[in-house]
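Subject: Structure handover

Hello,

Here is the structure I said I would pass on. Please open it first, then read the notes below alongside it.

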Amino acid sequence: MSTLEAQDTTNIEPPKLTKVQYLKKHWVMVIAFIIVLASILWVLKLIFLPSSVVKTDDARVDVEYSTIAPKVSGNIEEIYIKDHQTVKKGQLLARIDARDYQAALAEAESNYAKAQADLNEAMLAVERQPTVIRETEAQLRKVEAGIKLTNDNTARYEQLQALGAESRLITQQSKTTLTEQYADLDSSKEKVIDAQYQLNQYKIQVQAKQAALKQAQAALDKAKLNLSYTEVRAPIDGMIGQKSANVGNFVGAGNPLMVIVPLDQVYVEANFREIELKQIKIGQPVTVYVDAYNVELKGLVDSFSPSTGAFFSPISATNATGNFTKIVQRLPLRIKLIENQKDVKLLRPGLSVLVSIDTTQK
């Protein structure tokens, strides 16, 4: 090959590629560029455009359960339920040995009967005393009439004595009788006063006996209540949990025996960051995803907690110490589940869930 031919071959330009051919050749780079660009746009959207759906995985199923504890002490005589059993309100759960409380009730009934008898006796005395007062007043009038008669006789005897028609002895005896009658008059007046005073005293005794009867009635009612408390009954419908009571155990008043969980009243407590709260309103629809069963449930925002979780912590943050660091807090929200969802019955308190709130609906 000549030198001229070699130079011509070197100067030949490669054919130009079309756009389609270029994209086919560099398709990996194009796809990578598109992915990076989409990622950047997505991040910018998350930063500058607030989402209409706020989510949190800091949420769990919760419920307000009842702790069952006896109001009286004693040995457990019978247990009528077992753990995880469903019970109804008023159902008998356990029975405590009632013999001591039956004896206390009998004593209270006896004390009440005595207090009632004492009150009746005092009331009878009050009813009888007006008759006594009338008798003393009649005796007083009788003495007053005798004094009037003796006064008249004494004056007549004195006139006869002045005329010499009556002896001085008769006149003196009449005056002596008058003196005695005046003494009887004073005594009768004192008896009338004493009888009236006695009536007031009987009335005071009636008040005291009435108070004693009320006290005996209160003791009787308490004895009846204590006896009824030996039967431990369910205050609500629900399922038994944490049963620690067994036959023969001695239990003290207030010591928990079990809990009753009302599974038909479960709700969701979700903790949202404070920067998300502005978009959330009461009544907005909520989607609750229960990953334990792979089901979704519908609910509504029911209420906001009065404080963040850290506010009521045993060791609360003190921002005035000089070492304050800004930390985004979370506020608990209560999510009310919509009724008549078939999967709600699967929920158990303590399960973790994922919560999404649609903030576009007010």
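Is Asn255 buried, partly exposed or exposed? Before the answer, please note that this is a predicted model. Asn255 has a relative accessible area of 41%. Buried would need a value under 20% and exposed a value over 50%, so Asn255 counts as partly exposed.

As for its place, Asn255 is in the loop between strand S8 (250-251) and S9. Setting aside neighbours within four places in sequence, Asn255 is in contact with Ile68, Ala69 and Pro70. Asn255 and Pro70 are 185 residues apart along the chain, yet 6.8 Å separates their C-alpha atoms.

The sheet with S9

S9 belongs to an open sheet of four strands, ordered S2-S9-S7-S4 and paired in the antiparallel sense. Strand S2 (66-68) and strand S4 (86-87) are at the edges; each has a single partner strand, so one side of each has no neighbour in the sheet.

S9 has a partner on either side in that order. S2 and S9 are joined by three bridges and run antiparallel; here Ile68 has Met258 in S9 as its bridge partner. Strand S7 (residues 238-241) also pairs with S9 over three bridges, again antiparallel, and Gly241 stands opposite Val259 in S9.

Both faces of S9 are covered. Met258 and Ile260 are buried on one side, and Val259 and Val261 are buried on the other.

The sheet with S8

S8 belongs to another open sheet of four strands, with the order S6-S5-S3-S8 and antiparallel pairing. Its edge strands are strand S6 (231-233) and S8, each of which pairs on one side only. Two bridges join strand S3 (residues 74-79) to S8, and these strands run antiparallel. Gly74 has Val251 in S8 as its bridge partner.

The nonpolar cores

Which residues have the most contacts inside the largest nonpolar core? They are Val268, Phe272, Val288, Leu337, Val353, Val355 and Ile357, in a core of 25 residues. The elements that give two or more residues to this core are strand S1 (53-62), strand S9 (258-261), strand S10 (267-273), strand S11 (285-290), strand S12 (295-304), strand S13 (330-337) and strand S14 (352-358). There is also a second, separate core of 18 residues, and Ile68, Val87, Ile96 and Ile260 are among them.

Leaving aside neighbours within four places in sequence, Val355 is in contact with Val54, Lys55, Thr56, Ala59, Val268, Ala270, Phe272, Val286, Thr287 and Val288.

Glu276 lies in the loop between S10 and S11. Is Glu276 buried or exposed? The relative accessible area of Glu276 is 11%, and the cut-off for buried is under 20%, so Glu276 is buried.

Rings

How many aromatic pairs does the structure hold? The number is zero. A ring does take part in another kind of arrangement: the charged end of Arg334 sits over the ring of Tyr267, 3.8 Å from the ring centre.

Regards

How values were computed:
Residues are numbered from 1 along each chain as its sequence is written. This is a predicted model: local features need pLDDT of at least 70, side-chain atom pairs count only at pLDDT 80 or more; totals for chains, interfaces and linings use all residues. Side-chain values use heavy atoms; hydrogens and water are left out. A nonpolar core is a set of buried Ala, Val, Leu, Ile, Met, Phe, Trp, Tyr and Cys residues joined through side-chain atoms within 4.5 Å. Buried means under 20% relative accessible area, exposed over 50%, partly exposed in between (1.4 Å probe, protein chains only). Contact means heavy atoms within 4.5 Å. Two strands pair if DSSP finds at least two bridges between them. Rings of Phe, Tyr and Trp (its six-membered ring) pair if their centres lie within 6.5 Å; planes under 30 degrees apart count as stacked, over 60 as edge-to-face and the rest as tilted. A charge sits over a ring if NZ of Lys or CZ of Arg is within 6 Å of the ring centre and within 35 degrees of the ring normal.
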